[in-house]
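Here are my notes for you on this structure. Have it open while you read, and check each point against the picture.

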Amino acid sequence: MTFVFIMSTIMLSGATGLLGRALYQRLAPHHQVIGLGFSRAQPPLVKVDLTDAEALSALFSKHRPEVFIHAAAERNPDQFDTDPQRSIQLNCEVTEHIAQLCTEYQCRLIFISTDYVFDGQHPPYEEGAAVNPLNLYGESKARSETLLQANYPDAAIVRIPVLYGEVSHLKESAVTTIAAQLKAGQRQFDDEAQRLPTDVNDIADVLSNTLHMMNNDLSGIFHISASEKLTKLAMAQAMAPLLHIDPNSLSAASVDSNAAPRPKDCQLRDTRLAPMGLTIDSDFSARIATVIAPHLSH
């Protein structure tokens, strides 16, 4: 199901990232999209440091967006242990400033959050479930959600699970990293934490169609997720034949005590978009084969 809805201006942060690229490609043919990036930004994307409040304010003043999709974030839970101050600044302070600018310019705000705001003890989680993050990454997103609900109550908070999609290199996403580990000889993977890996193109399609069906009047919390539940071991077993590896040669790994804690099962339940027919039904094995195939000969 595809809709076309012309909108004056959408500003998209994180446009060079995994999800940001998919959103840009999906939205740009039908909307005026100003994509923001930093280290990897090349024209037509705009290079900007989101922590530079004055630079970001100047972009709002110049383009006066009608919608801001905030997809930029530090997503690696272990990176928070390495540089917590910078990570929290990007995930929380920047989000608060964007909310203030959206209020000033009467701009709709769509904030990309995560299933890691939950502790994984009582899945599945509906939109109104109480949050209880286990690591600093989840905490930063939960804090950002609270900031938005207090300062910009009309914001749309979109929680998503672990993502995969077209990558420039296998280690660009947590899911395709598994293929890189298989290539490097790793044969043991976590078999405890249940994840719902979701293709970024599916997220982009659902968000694009949601913008149309809700006439851009989005507010509150939304959950978007595929339905196939897999551990890292199960994902590795799905990828193994593509690398001519026997899936039966793979086994469960012991828990890494040095890594940031991860929830065991933070499955999202969607009660808002599913009744509108906006669901994701994809075959992980088929999708991941398409994604990693270009990288298997290197």
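The points below go through some helices, some loop residues and a few backbone features.

1. Before we start: this is a predicted model, where local features need pLDDT of at least 70 and side-chain atom pairs count only at pLDDT 80 or more, while totals for chains, interfaces and linings use all residues. Residues are numbered from 1 along each chain as its sequence is written, and side-chain values use heavy atoms, with hydrogens and water left out.

2. Let's begin with helix H6, residues 176–183. (Helices, H or I with at least four residues, and strands, E with at least two, are DSSP runs numbered from the N terminus.) Six of the eight residues in H6 are buried; buried means under 20% relative accessible area, exposed means over 50%, and partly exposed is in between, using a 1.4 Å probe and protein chains only. The buried ones are Thr176, Thr177, Ile178, Ala179, Ala180 and Leu182. Their cover includes strand S8 (188–189), helix H8 (232–239) and helix H9 (284–292). Just past the end of H6, Gly185 has a positive phi of about 105°.

3. How do H1 and H7 cross? The axes of helix H1 (residues 18–27) and helix H7 (residues 200–213) come within 9 Å and cross at roughly 50°. (Axes are lines fitted to C-alpha atoms, for helices over the stretch in contact, and angles run from 0 to 180 degrees between N-to-C directions.) H1 and H7 are therefore oblique to each other: under 35 degrees counts as roughly parallel, over 145 as roughly antiparallel, 65 to 115 as roughly perpendicular, and the rest as oblique. The contact (heavy atoms within 4.5 Å) involves residues including Leu19 and Leu23 of H1 and Ile203 and Leu207 of H7.

4. Now look at Glu172, in the loop between strand S7 (163–164) and H6. Is Glu172 buried or exposed? Glu172 is buried, because its relative accessible area is 19%.

5. Asp49 sits in the loop between strand S3 (46–47) and helix H2 (53–63). With a relative accessible area of 25%, Asp49 is partly exposed. Its side chain makes a polar contact of 2.6 Å with the side chain of Thr51. Leaving aside neighbours within four places in sequence, Asp49 is in contact with Phe38 and Arg86.

6. Finally, the backbone. Most residues other than glycine have a negative phi, and most peptide bonds are trans. Arg64, in the loop between H2 and strand S4 (67–70), has a positive phi near 45° and is exposed, at 53% relative accessible area. Gln106, in the loop between helix H4 (84–104) and strand S5, has a positive phi near 50° and is exposed as well, at 74%. Which peptide bonds are cis? One joins Pro43 and Pro44, with omega about 10°, and another runs from Pro123 to Pro124, with omega near -5°.

Terms used
A polar contact is a pair of N or O atoms within 3.5 Å; within protein, one must be able to donate a hydrogen and the other to accept it, and residues adjacent in sequence count only if both atoms are side-chain atoms.
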